[in-house]
Amino acid sequence: MRELRPWLALIFRRPVRLVVGGLLILATLLAGMGLLALSGWFITATALTGLLLAAGVQASLNLYAPGGGIRFFALARTVARYAERVYNHDTVLRLLTDIRVALFERLCVSARHRRSALRGPQWLSRLTNDVDALETLYLRLIAPAALAALVTVLIIVVAGVFYSRELATGLMIMLIPALLIATIVVYLRTRHLVYRQTDARERVRTDVIEHIEGFAELTAAGRTGKHAALCLRQADQIAHTDARADTRTGWNLGLAQVMVNLAVVLALWLGLQLFQQGVITGPVVVLLPVALLGLLEIYSMLPDAFARLGGTIASAARLNRDCSEGPPPGCDTDQSPQKTCNALELERVTIRYGDHSPVLSRFDLEIQAGEWVGIIGSSGSGKSSLAEVISGLEQPASGTARRQGAVYLTQQTVLFEDTLKANLQIGKHDASDAELWRVLALVAMADRFAHEPAQLNTWLGSMGSQLSGGEARRIALARVLLNDAPLLVLDEPFTGVDALTRDRIAAGMKQWLAGKTVVSLGHAPEALPASDRTIRLS
């Protein structure tokens with residue numbers, strides 16, 4: 001359960017919403033139980049009154065008060081159910097936002113080799129299935145379990161106060177084990193099965209995606225049938241394990257419901273004894289048994305939720321393992337340069353991935369604030385690795401990296417399937433339209449979109465598919481130029497841009513970035529903006 005602690009702490013950062021949501025669920029449950037109990041009392045009272053009148057005994061019954069109560073509970077249940085659904089689904093969406101933001105924050109500080117160790121389908125599983133398992137943790141498991149315990153205790157107390165201690169003790173003997181069977185016992189019986197299922201589902205999902213993506217290669221190698229058979233065997237094993245878990249869950253659900261129904265029988269039996277003793281009236285006898293039947297609504301939700309708890313813990317464990325890692329021992333993560341005149345200080349920095357040879361070893365570099373530095377080198381010389389250390393995206397294996405706040409243009413251009421405006425405002429969320437047009441003019445893209453019908457709201461398509469490679473690169477550069485960070489790290493900033501446009505953009509950048517520090521990396525000086533000095537990596 002310790003795997004859930006960081007995510008539970010995240011969920012409980014919204015205590016007011018959780019309490020209000022829980023109260024709405026409680027109001028729905030109590031209104032339903034009140035409707036059942038009062039309806040049972042009313043039907044019984046009506047029947048007894050009719051029997052007395054048929055026997056010639058004078059009797060009367062107030063129809064209006066219980067009828068009004070029944071209408072009140074029916075309306076209250078409907079309104080509470082609607083309010084609970086709207087409010088709690090909004091809460092779940094807010095929790096989903098919190099989880100996703102926290103997840104991406106952890107991804108930002110995790111080491112690159114940790115991120116690159118997983119393939120695309122595995123990351124898809126992390127960002128969809130694992131997050132989905134956590135987002136409904138409150139609404140599916142925490143709130144129902146807590147409210148089931150609360151209502152169970154409430155019914156036992158009511159039985160002890162208004163009926164008898166013997167009845168309260170009997171209900172305690174029946175209901176508390178039923179609650180444990182529907183929750184903890186289900187979890188203990190299914191946790192190992194469900195825990196393994198999360199990894200098995202990820203494996204088969206990865207294999208299926210790779211089967212589709214590599215269908216041509218599998219066909220050429222003559223292994224299409226064998227690979228498909230492997231996927232089917234994995235799917236059969238998952239289905240078999242699911243059936244075992246569902247069987248255990250069903251048995252526990254059935255046993256819990258049997259115990260609740262036994263509690264109903266016990267309440268009716270002891271209630272009739274109290275009626276014979278003159279302690280309670282006939283209609284009151286059925287109040288408690290019918291109210292107990294209302295417990296089945298919430299008890300029936302618990303076994304399935306706790307049967308999935310093992311999978312939720314497995315999802316949390318995978319996210320904790322794959323999306324966070326502290327900096328390596330021996331490296332200093334202080335972000336502020338020691339000298340106030342410097343924007344960047346690297347002292348004896350070594351960059352290494354795993355057990356491989358160092359990409360860079362004991363590298364020293366000081367860059368003054370406002371200085372433009374170009375770093376050139378051939379492929380494999382460590383330019384991109386150095387850029388990630390300079391930007392703070394990667395921590396060195398040893399040494400000290402100190403910097404001002406940095407913004408980083410990666411070597412790979414990434415645009416989102418959204419509008420031009422939304423993609424640009426990632427760099428500066430409150431940028432005005434006038435600022436966006438100015439930066440587009442700087443990167444020689446203003447004319448391109450001025451003639452589009454939607455202009456700034458032009459849809460860029462998946463990964464910027466509506467643009468050429470050079471156009472997409474300039475949009476990514478514009479996004480970085482909008483950012484207010486004092487240090488800019490530009491890795492191959494002019495990829496796919498012709499020489500004339502490159503010179504025009506580089507000239508405009510000098511004025512736009514006046515006073516800022518720029519570190520640009522590329523294969524040759526002519527592929528970079530003019531620099532105050534150039535460093536060559538061998």
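Axes here are lines fitted to C-alpha atoms, for helices over the stretch in contact, and the angles between their N-to-C directions run from 0 to 180 degrees. With that in hand, look at helix α7 (residues 165–213) and helix α9: their axes cross at roughly 170° and come within 9 Å. The model is predicted, so local features need pLDDT of at least 70 and side-chain atom pairs count only at pLDDT 80 or more, while totals for chains, interfaces and linings use all residues. Residues are numbered from 1 along each chain as its sequence is written, and side-chain values use heavy atoms, with hydrogens and water left out.

**Helices side by side**

- Helices (H or I, at least four residues) and strands (E, at least two) are DSSP runs, numbered from the N terminus.
- Sorted by class, the contact of α7 with α9 has 32 nonpolar, 10 polar and 8 charged residues. Here Ala, Val, Leu, Ile, Met, Phe, Trp, Tyr, Cys and Pro count as nonpolar, Asp, Glu, Lys and Arg as charged, and the others, Gly among them, as polar.
- Helix α9 (residues 224–276) also packs with helix α10 (residues 282–293), at an angle of about 170° and with the axes 9 Å apart. That makes α9 and α10 roughly antiparallel.
- On the α9 side, the residues that meet α10 include Val260, Val264, Leu268 and Phe275, and their partners in α10 include Val285, Leu288 and Leu292. Contact means heavy atoms within 4.5 Å.
- By class, this α9 and α10 contact holds 12 nonpolar, 3 polar and no charged residues.

- An unreviewed UniProt entry carries the annotation "transmembrane region" for residues 16–36, 42–65, 141–163, 169–188, 253–272 and 278–299. UniProt positions are given in the numbering used here, feature names are shortened, and annotations may be inferred rather than shown by experiment.
- In the model, residues 278–299 are 77% helix and 0% strand, with end C-alpha atoms 33 Å apart.
- Residues 42–65 are 62% helix and 0% strand, and their end C-alpha atoms lie 10 Å apart.

**Nonpolar cores**

- Which residues touch the most other members of the largest nonpolar core? Among its 66 residues, they are Leu167, Leu171, Leu175, Leu288, Leu292, Leu295 and Tyr299. A nonpolar core is a set of buried Ala, Val, Leu, Ile, Met, Phe, Trp, Tyr and Cys residues joined through side-chain atoms within 4.5 Å.
- Helix α6 (residues 137–162) gives the most to this core, with 11 residues.
- Leu292 is in contact with Ile155, Leu171, Leu175, Val260, Ala263, Val264 and Ala267, leaving aside its neighbours within four places in sequence.
- Another core, of 36 residues, lies apart from the largest one and has Leu424, Leu442, Phe494 and Met509 among its members.

**Buried or partly exposed?**

- Buried means under 20% relative accessible area, exposed over 50%, and partly exposed in between (1.4 Å probe, protein chains only).
- Leu409, found in strand β6 (residues 406–409), is buried at 4% relative accessible area. Not counting residues up to four places away in sequence, Leu409 touches several residues, including Arg473, Leu477, Val489 and Pro493.
- Ser164 sits in the loop between α6 and α7 and counts as buried at 12% relative accessibility. Beyond its neighbours within four places in sequence, Ser164 is in contact with Ala159 and Leu274.
- Ala102 lies in helix α3 (residues 64–109) and is buried, at 15% relative accessibility.
- Val157, in helix α6, is partly exposed with a relative accessible area of 47%.

**Distances along the chain and in space**

- Leu409 and Leu490 are 81 residues apart along the chain, yet their C-alpha atoms are separated by 4.8 Å.
- Ala102 and Val286 are 184 residues apart along the chain, with 51 Å between their C-alpha atoms.
- Val157 and Arg502 are 345 residues apart in sequence and 79 Å apart in space, C-alpha to C-alpha.

**Positive phi angles in loops**

- Ala444 is not a glycine, yet has a positive phi of about 60°; Ala444 is placed in the loop between α16 (433–442) and α17 (446–450).
- Gln455, also not a glycine, has a positive phi of about 50°. Gln455 is in the loop between α17 and α18 (469–482) and counts as partly exposed at 34% relative accessibility.

Notes. Angles under 35 degrees count as roughly parallel, over 145 as roughly antiparallel, 65 to 115 as roughly perpendicular and the rest as oblique.
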